[in-house]
Amino acid sequence: MAFPDSVLDVRTELLVGVVWTDITTDVYNRSPITIERGRKDEGTRTDPTKVSLQLNNRLGKYSPRNPLSPYYGQIGRNAPIRISVKGPESYLALTGETADLASTPDTAALDITGDIDIRVEATCDWLSTVRSQTLIGKWAADGQRSWMIRVFAGTLSLFFTTSGAVATQRFANWTLPTLPRRAALRVTVDVNNGAGGWTAAAYTSDSLDGAWTLITQVSSTPTVSIFASTAPLEIGPQQGDTVPPRRPLRGRVHRAQVRSGIGGTIVANPDFRAKTEGTTSFADSAGRTWTVAGAAKITDREYRAHAEVSSWPARWDVSGEDVYVPIEAAGIGRRMGQGKKPLASTLRRRIPSGNPKAYWPMEEGKDATRAYSPVPGVLPLTVSGFDFAAEDTLAGSSALPKLRNPAKLRGTIPRSTAQGWHVEMVYKLETMPAAQTEILRVTTAGSAMRTAVVYASTAGVRIEALDTTGDVMAFFLFTNPTALGDFVGVWNRLAVFVSDAGGGQTNLCVNWRDITSGGGSWTAATIYTGVRGAAVGVAGDWAAATEGMVVGHLAAFDTGGTGTTPGVTIYESADEGFAGETALGRLDRLATEESLDLVWVDGDVTRPSELMGPQRPAPLLELLEEVPATDGGILYEHRERLGLVYRDRASMENQAAALALDYEADGEVGPPLEPVEDDQAIRNDITVKRDGGSEGRAVLESGPMSVLPPEEGGIGPVEESVTLSLALDTQAQQIAGWRLGLGTWDEARYPTVRVILHAAPHLIPDVLAMEIGDRLTISNPPAWLPPEDIDQLVQGYTEVLDLTTWDIWFNCTPAGPWNVAVLEDPVRGRIGTDGATLNGSMSSSTTVCNVLSNPGPRFIDSATYGSMFPFTITVGGEVMSVTACTGTGLSQTFTVVRSVNGITKAHSSGTPVKLTNPMRLAL
């Protein structure tokens with residue numbers, strides 16, 4: 001029997017050491033498991049997941065310091081815990097690791113050399129830019145490769161060979177459309193398309209049952225034959241010699257098919273949906289025997305929360321008989337929010353990833369006397385005349401030192417055996433020295449050139465190559481006025497490097513580029529006779545002409561350039577704090593840099609999103625939270641593992657309902673359903689400031705939610721001011737307008753919607769699939785509420801799991817403002833008018849009315865725009881369908897069908913007339 005005819009199958013598991021251990025029997029039933037997830041309202045921050053339960057501790061199992069506990073030494077602070085329920089079907093759970101897969105041995109039926117049809121239904125992160133996820137294939141070591149399909153960064157790829165060797169590999173790529181979390185993919189190969197070549201086609205669907213939607217076809221020549229390898233057919237084959245390595249998908253596989261011929265005979269048909277949990281081997285309907293390996297498993301568990309037990313409070317009654325541990329576990333966000341150590345500057349974090357031979361950030365505190373190097377084995381810089389922590393205006397850096405008069409720098413670079421070198425630093429020199437002044441000196445070894453020196457003066461920027469005696473071997477003076485102007489007054493990067501000029505000669509180059517004001521990049525170069533050698537030291541001797549110059553992030557690399565082009569680009573974008581990168585791009589980069597488990601919902605990292613301002617030193621969680629604050633999405637915790645999920649703003653627009661409830665159906669909407677008419681979420685005067693820049697303001701000047709005083713039809717001003725990470729000043733006004741639309745949506749709030757799953761178990765599959773940001777609707781509301789469907793977005797929820805009851809309270813906000821314009825859509829593509837009212841009264845039965853639009857624009861007329869009729873208007877709460885409209889001025893006559901929403905009543909002259917679904921522009 002299934003729930004609610006039997007007790008709810010709730011499983012609690014604790015990670016004991018490295019093994020997930022079922023501790024369900026130790027969970028006290030007297031205190032139900034409670035899970036809180038998401039956020040209470042439409043704020044930008046999401047609270048950490050909270051899991052509350054009680055464990056029976058009569059035997060001391062959950063006392064971490066009890067040596068008699070079977071878990072002694074294996075549990076403690078932040079021990080992972082997870083809660084799951086039995087789902088409606090089983091699936092193959094894959095971890096994404098190489099050995100965790102399902103396979104069936106090679107057999108003659110699988111040795112398809114001609115046309116092939118491959119289908120997979122799975123749930124995974126289709127857009128991952130970190131994981132190259134294989135779906136299915138016969139793909140072993142080089143020489144035994146038949147075919148494989150995989151997804152990476154929103155791209156579906158097919159690979160096959162004609163001889164089993166990588167040298168004969170053919171491939172086709174398709175950009176995936178936006179997919180639901182669970183989707184089916186299909187790839188077909190026609191090895192002889194009748195035109196002297198082969199054709200591959202890719203399709204998508206909601207399930208393996210179709211219908212299939214063609215993405216596109218890819219063709220090439222000549223005709224081919226797919227190699228019949230002896231490799232097993234695997235769900236999740238691997239290839240470790242690519243970057244990133246191709247590994248099994250991380251997620252769920254529901255079923256798969258391989259057909260010989262396009263739409264032909266099924267030769268493999270693994271279907272995991274009806275398999276018993278824990279099955280490790282089975283035969284499919286095509287006669288293939290499948291075996292599950294490694295940590296892959298067939299399971300029917302639906303995880304409701306993954307959290308960490310932060311403490312183990314021991315409790316007992318006075319008799320000592322009732323001993324228990326009341327656990328309150330929290331999601332990963334709690335731990336990330338503790339300590340709050342700021343991440344280093346973007347330059348400090350990025351430059352070491354370029355494998356420098358030496359690097360000195362020079363971000364020391366004001367009392368420092370030398371500059372350390374984070375590169376192991378590199379000695380600190382010896383300096384004098386440095387005022388550390390004196391300048392904090394470079395977006396990609398913490399405060400850097402200014403030079404006094406005089407100032408000196410010496411640094412040793414570990415010698416490399418490679419030929420070629422590159423030395424780079426950031427600097428800011430306010431004015432060009434009148435006389436030739438040294439800016440930087442590089443000492444080399446293994447070359448006829450012993451020293452490279454960069455000078456600057458109003459006469460030009462000069463690069464010199466000096467021999468072992470200090471004589472000038474070669475030089476060049478760059479005198480371009482624009483280039484000299486870009487050398488001073490702004491933050492710059494200065495790079496000195498060498499490159500092979502051929503014929504036993506070497507290019508010596510100096511490059512500088514304005515990194516804050518959009519200036520140019522300039523290179524002065526000369527040629528000397530001799531090899532490139534290696535950089536072994538850096539130095540600077542400065543006096544009055546450079547007093548006040550700021551220097552920092554000095555690094556040396558054993559990579560030369562090509563011609564006059566530098567071979568090192570690691571500074572790029574990091575020096576500006578990655579200002580101008582998209583919100584999704586910032587999340588992707590931070591997740592990669594911090595090895596953070598973060599995935600996207602319906603948001604391709606290349607999809608347009610808000611442009612971010614510079615990333616300044618701050619704790620990781622704060623930097624992550626800047627993204628939804630700017631972009632308008634939701635950052636929340638993954639419920640199937642300890643990780644994060646980002647749902648971008650666009651993914652919440654114009655959604656289909658994920659959970660459709662009926663108020664009149666038993667148990668679907670539990671009491672109390674209480675609309676709230678208050679001003680808690682109202683903001684009608686909004687100022688958005690760009691951090692470090694300008695601001696924009698949006699004010700609702702008229703209407704019931706406007707800043708007008710109540711006696712004039714508004715509610716009075718309710719102000720909000722926020723400072724956001726933005727790349728451009730122009731963004732501030734646009735975001736202020738979007739936030740104004742959210743803050744002045746004229747609709748009652750439904751703070752919570754209760755669903756009683758033990759009374760409406762048919763809703764369990766849909767509820768299990770619900771995620772934060774999904775749309776929820778309630779049809780047939782009670783008669784005392786407006787007759788339209790209640791339309792909400794889920795911001796979070798509280799879930800209570802007991803033996804015989806299962807309740808979930810969704811935290812909701814109106815979905816209306818997320819229904820945005822769609823070009824040429826018959827409903828969402830219509831622009832509303834302003835100030836339209838009835839020009840005369842209407843009885844409860846009349847079907848003709850006069851409408852005056854003042855100031856306008858007017859409504860469309862049916863003579864000119866007949867194909868765009870009918871459309872709906874709302875008059876005094878009654879929705880009417882306009883079937884015809886005459887008049888091309890501000891006064892027009894409508895023919896209408898009454899009571900579209902079940903409301904019928906008389907309306908007085910002057911009653912506002914509004915388009916029921918006016919176009920609302922997306923941000």
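1. Strands β42 and β43 (residues 695–699) are antiparallel partners joined by five bridges, where strands are DSSP runs of E of at least two residues, numbered from the N terminus, and two of them pair if DSSP finds at least two bridges between them. Within this pairing, T687 lies opposite R697 of β43, and the hairpin that the two strands form has four residues between them, with G692 adopting a positive phi near 85 degrees.

2. The model is a predicted one, in which local features need pLDDT of at least 70, side-chain atom pairs count only at pLDDT 80 or more, and totals for chains, interfaces and linings use all residues. Residues are numbered from 1 along each chain as its sequence is written, and side-chain values use heavy atoms, with hydrogens and water left out.

3. β42 also pairs with β44 (residues 719–724), here in the parallel sense and over six bridges, with R690 having L724 as its bridge partner in β44. Of the six residues of β42 (685–690), five are buried, meaning under 20% relative accessible area with a 1.4 Å probe, protein chains only.

4. A separate point concerns the open sheet of three strands, ordered β38-β40-β39 with mixed pairing. Because β38 (598–601) and β39 (634–637) are at the edges with a single partner strand each, one side of each has no neighbour in the sheet.

5. β39 and β40 (residues 644–647) run antiparallel and are joined by four bridges, and I634 has R647 as its bridge partner in β40.

Note on methods:
Buried < 20%, exposed > 50% of the residue type's maximum accessible area, 1.4 Å probe, protein only.
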